[in-house]
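Biologist: I'd like to learn how to read helices and their packing from a set of coordinates. Could we walk through one together?

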Amino acid sequence: MSDPTDSEIEAAGKMTEALETFERARGHLYSFHQLIGSADLALDDVLEALGQAGREDLAEPLRERLLGRNVIADRWTFQIIEDFEDGYAAEGRRQEAAVRDALT
C-alpha cells in the first residue's frame with residue numbers, strides 16, 4: 001500500500017474526532033441517567049415532607065405520575081444508553097476503524 005495522502009490522513013483524523021464526540025455523547029447519556037436517578041431520590045424527600053405536612057393531595061399525583069417514571073415512553077434511562085451503545089455508537093466505532101484501517 002502506498003503512503004496515505006494528506007487528504008486521507010485528514011479524513012481519518014476527522015473520523016476519529018467524530019468517534020471522540022460519540023464517546024462524549026455517551027458520557028452525557030450516563031450523566032443524564034444519574035441525574036434522573038438523583039431527581040427520583042429528591043422526589044422521595046418531597047413525598048416524605050408532603051406526608052409529614054399532611055398533604056397527600058399533592059403527594060399522590062407525584063407518586064403516581066412522576067416518581068420512577070420512564071423518561072421516554074416504555075424506556076428506562078439505562079435502556080436508552082444500551083440502545084445507543086448497541087446501535088449508533090457500535091456502528092460509529094466499526095466505521096471509524098474501517099476508515100482508519102483503510103486510510104492509514
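Predicted model: local features only at pLDDT ≥ 70, side-chain atom pairs only at ≥ 80, totals over all residues.

Biologist: Is E96 buried or exposed?

Modeller: Buried means under 20% relative accessible area. E96 has a relative accessible area of 5%, so it counts as buried. Leaving aside neighbours within four places in sequence, E96 is in contact with M15, T16 and L19.

Biologist: How far apart are the C-alpha atoms of E96 and A18?

Modeller: They are separated by 8.3 Å, although the two residues sit 78 residues apart along the chain. A18 belongs to helix α1 and is partly exposed, with a relative accessible area of 26%.

Biologist: And R93, which residues does it touch?

Modeller: R93 is also a residue of helix α3, and it is partly exposed at a relative accessible area of 29%. Not counting residues up to four places away in sequence, R93 touches L19, E23, R26 and E85.

Biologist: How should I read the buried residues along a helix?

Modeller: Start with the general idea: an α-helix has 3.6 residues a turn, so residues three or four places apart point the same way. Now the case here: the buried residues of α3 are T77, I80, I81, F84, E85, A89, A90, G92, E96 and L103. Those buried residues pack against α1, which runs 6-52.

Biologist: Which residues are buried in α1?

Modeller: In α1, the buried ones are A12, M15, L19, F22, L43, L47 and L50. Their cover includes α2 and α3.

Biologist: What about length? What span should α1 have, given its 47 residues?

Modeller: At 1.5 Å a residue, α1 should span 69 Å, and its end C-alpha atoms are 69 Å apart, so the two agree. For α3, with 27 residues, the first-to-last C-alpha distance is 37 Å, close to the 39 Å expected.

Biologist: Where does α3 bend?

Modeller: At E85, by about 40°. E85 is also one of the buried residues of α3, and one of the residues that R93 touches.

Biologist: Now for pairs of helices. How do I describe the packing of two of them?

Modeller: Two packed helices are described by the angle between their axes and the distance between the axes. Here the axes of α1 and α2 come within 8 Å and cross at roughly 155°. That makes α1 roughly antiparallel to α2, since angles over 145 degrees count that way. The crossing of α1 past α2 is left-handed. On the α1 side the contact is made by L43, V46, L47, L50 and G51, and on the α2 side by E56, L58, A59, L62 and R63. Of these, L43, L47 and L50 are among the buried residues of α1.

Biologist: Which residue just after α1 takes a positive phi?

Modeller: That's G54, with a phi of about 75°.

Note on methods: Residues numbered from 1 in each chain as written. Heavy atoms only, no water. Helix = DSSP H or I, 4+ residues; strand = E, 2+ residues; numbered from the N terminus. Expected span 1.5 Å × (residues − 1). Bend = angle between axes of the 7 residues up to and from the residue. Buried < 20%, exposed > 50% of the residue type's maximum accessible area, 1.4 Å probe, protein only. Contact = heavy atoms within 4.5 Å. Axes fitted to C-alpha atoms, helices over the stretch in contact; angles between N-to-C directions. Parallel < 35°, antiparallel > 145°, perpendicular 65-115°, else oblique. Left-handed = near helix turned anticlockwise from the far one by under 90°.
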